[in-house]
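I open this notebook to record what I looked up, going from contacts to strands. The entries below follow the order in which I went through the topics.

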Amino acid sequence: MAVRLTKDWIPVSEVLTRLKGNLGVFQFANVQREVVFIGFAGGKSQFGLKGEVASALEKYSDIAAFRFEITTAYHTRYRELLMAHIADHDTLPHYNEQITLGRLSPS
Amino acid sequence: MKLEMTQEQTLITGMVRKFVREEIVPLELNLDPDADELDPADRDRLIEKTKAMGLYGLGIPAEYGGPDIDLMTSTLIAIEMSQHRAGLYAPCYGTFGGAGLAQLFEATDEQKEQYLFPTLRGEKRGFFGLSEPSGGSDPARAIQTKAERDGDDWIINGGKLWISGADKADYGLVFARTDKDKGRNGVTCFIVDTDNPGFHVRRVVHTLRSAHYATELQFEDMRIPHANILGEVNKGFAIASHRLTRQRIPYAAGCLGVAIKAQEMALEYVPQRETFGAPLSSRQAIQWMLVDNEIDIKQATWITLEAAAKADNGEGFRKEAAMAKLVATEAGGRVVDRCMQMFGGLGVAKDLPLERWFREMRIRRIGEGPSEVQRHVIARELLGESLR
């Protein structure tokens with residue numbers, strides 16, 4: 001299983017048609033295709049990824065695209081993606097709040 | 001043989017039960033079903049409570065500041081502590097503290113200053129690095145990570161798999177082969193700082209236990225001072241083996257707590273839930289599930305408590321610990337499975353903790369030595385030298 005999420009970006013206009021109520025993780029990118037937010041839809045998320053992504057989009061105005069991964073391991077996958085982002089960029093995505101994370105040095 | 005708790009044990013277990021039900025369970029209502037940690041403010045507040053109860057630092061010997069509690073009482077406490085959603089792997093979310101890596105109680109004074117005492121103060125975290133991609137159940141032969149002497153240092157190359165907490169740790173105990181011809185007598189335990197340039201956490205390993213990940217580690221020319229050997233060269237397996245044996249008893253206790261709680265939930269639910277005009281509790285099929293649960297729980301409880309009693313009495317308890325681990329993990333799985341069946345659709349939903357217990361309980365039959373290895377340990381104890 002790949003550490004990083006490398007699927008193609010999807011325009012935000014397609015959120016409602018591409019997402020269902022699954023559990024999973026997602027990323028938001030700005031127009032430069034830089035990851036600016038990583039989130040997840042967990043067991044308490046209303047309408048799963050569809051609801052969580054739509055709700056997060058309302059908070060940020062500069063989101064151009066998103067991508068997602070359906071997984072029941074949303075809790076650990078979310079942390080893995082954040083750690084991989086720190087390994088690649090030395091910082092969390094712009095809109096993510098500070099949380100306690102481990103150190104990952106993926107090959 | 002006395003089969004009842006002492007007055008002190010009754011008092012302590014009652015106190016822990018109240019703590020779990022009044023402090024932990026209400027917080028879980030607002031947490032993600034897969035959460036494995038509390039909000040830091042809640043955690044700090046509850047740690048103050050466990051300290052006030054005199055139970056903080058369970059597992060730490062009294063001479064190092066832990067509560068003076070025998071293994072029997074610790075086991076009874078562990079049964080109570082796991083009776084909530086995250087209880088199997090994160091009992092009370094760590095608010096009772098922990099012993100860290102118990103092997104460090106045997107460390108040199110310098111090693112204790114550098115690693116043990118900061119860990120007990122909550123300033124450092126450690127990990128236990130034994131299992132490798134080549135296997136975890138037979139570490140004596142499966143360990144391929146090797147350490148070679150180079151002057152006053154050792155150079156370690158290799159990797160570990162299924163390691164919990166290594167990504168957040170400050171140091172770890174890493175078992176490496178120091179003599180390729182000596183099997184279990186060719187393994188040494190090294191204390192390794194995770195800021196060493198040769199130490200890498202390569203990936204997260206996702207499992208059924210989706211609340212928490214394991215990691216895969218890689219060591220590339222990791223230079224470790226000779227002074228960081230824990231114990232003696234080529235004597236590392238005894239350190240690992242002792243830990244594995246003793247750990248089996250609280251491991252079993254955690255499964256028992258979850259099984260007890262699942263059964264309690266089922267007993268409350270089946271008289272209320274009606275099907276075809278009668279409560280579920282009136283159905284013989286349901287009654288038999290409850291009976292089988294009760295028998296599973298009792299059998300596993302007595303076997304686990306016997307193991308703890310033998311350890312407290314200074315008797316050999318390798319066989320009993322293996323039996324406890326084997327019976328409690330398998331019984332726990334059956335009990336949770338039956339309870340899930342009684343709850344029907346609700347049983348598999350994340351609304352109830354049964355769904356998480358079902359997934360995590362499955363791992364218990366593999367972690368800390370799978371059922372087959374426990375049977376092998378028991379057979380070896382029964383047959384002795386004739387089996388070797």
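**Entry 1: where the chains meet**

I began with the contact between the chains, where 24 residues of chain A touch 25 residues of chain B. I keep in mind throughout that this is a predicted model. For the area I noted that chain A and chain B bury about 1,900 Å² between them, and that 52% of this lies on carbon and sulfur atoms.

I then asked myself how many salt bridges there are between chain A and chain B. The count is one, and I found it where the side chains of B:Glu37 and A:Arg79 meet, with N to O at 3.5 Å. Across the interface of chain A and chain B I also noted 11 residue pairs in polar contact, both residues being at pLDDT 80 or more. On the side of chain A that touches chain B, helix H3 (residues 74–89) of chain A gives the most, with seven residues. When I sorted the residues of that side of chain A by type, they came out as 10 nonpolar, nine polar and five charged.

**Entry 2: domains of chain B**

I next looked up how chain B is divided, and wrote down domain 1 (7–101), domain 2 (126–230) and domain 3 (238–387). I took up domain 1 of chain B and domain 2 of chain B, whose centres, taken over C-alpha atoms, are separated by 30 Å. Four residues of domain 1 of chain B are in contact with nine residues of domain 2 of chain B, and the two domains bury about 570 Å² between them, 55% of it on carbon and sulfur atoms.

Which residues in domain 1 of chain B lose the most area to domain 2 of chain B? I found B:Asp34, B:Tyr89 and B:Leu101, which together make up 79% of what that side buries. The residues of domain 1 of chain B on the side that touches domain 2 of chain B divide into two nonpolar, no polar and two charged.

**Entry 3: the sheet of chain A**

In chain A I traced an open sheet of four strands, in the order E1-E4-E2-E3 and with antiparallel pairing. Strand E1 (10–11) and strand E3 (35–41) of chain A stand at the edges with a single partner strand each, so one side of each has no neighbour in the sheet. I followed the pairing of strand E2 (residues 24–29) and strand E4 (residues 65–70) of chain A, which is antiparallel and runs over six bridges. A:Val25 stands opposite A:Glu69 in E4 of chain A.

**Entry 4: salt bridges over all chains**

One of the pairs I looked up is B:Glu22 with B:Lys18, whose closest N and O atoms are 3.4 Å apart. Both B:Glu22 and B:Lys18 lie in helix H1 (residues 7–28) of chain B, four residues apart, which is about one turn of the helix.

Methods
Residues are numbered from 1 along each chain as its sequence is written. Chains are lettered from A and ligands numbered from 1 in the order in which they are written. This is a predicted model: local features need pLDDT of at least 70, side-chain atom pairs count only at pLDDT 80 or more; totals for chains, interfaces and linings use all residues. Side-chain values use heavy atoms; hydrogens and water are left out. Domain bounds come from an automatic or database domain assignment. Contact means heavy atoms within 4.5 Å. Buried area is the accessible area (1.4 Å probe) that two parts lose on being put together, summed over both. Ala, Val, Leu, Ile, Met, Phe, Trp, Tyr, Cys and Pro count as nonpolar, Asp, Glu, Lys and Arg as charged, and the others, Gly among them, as polar. A salt bridge is a side-chain nitrogen of Lys or Arg within 4 Å of a carboxyl oxygen of Asp or Glu. A polar contact is a pair of N or O atoms within 3.5 Å; within protein, one must be able to donate a hydrogen and the other to accept it, and residues adjacent in sequence count only if both atoms are side-chain atoms. Helices (H or I, at least four residues) and strands (E, at least two) are DSSP runs, numbered from the N terminus. Two strands pair if DSSP finds at least two bridges between them.
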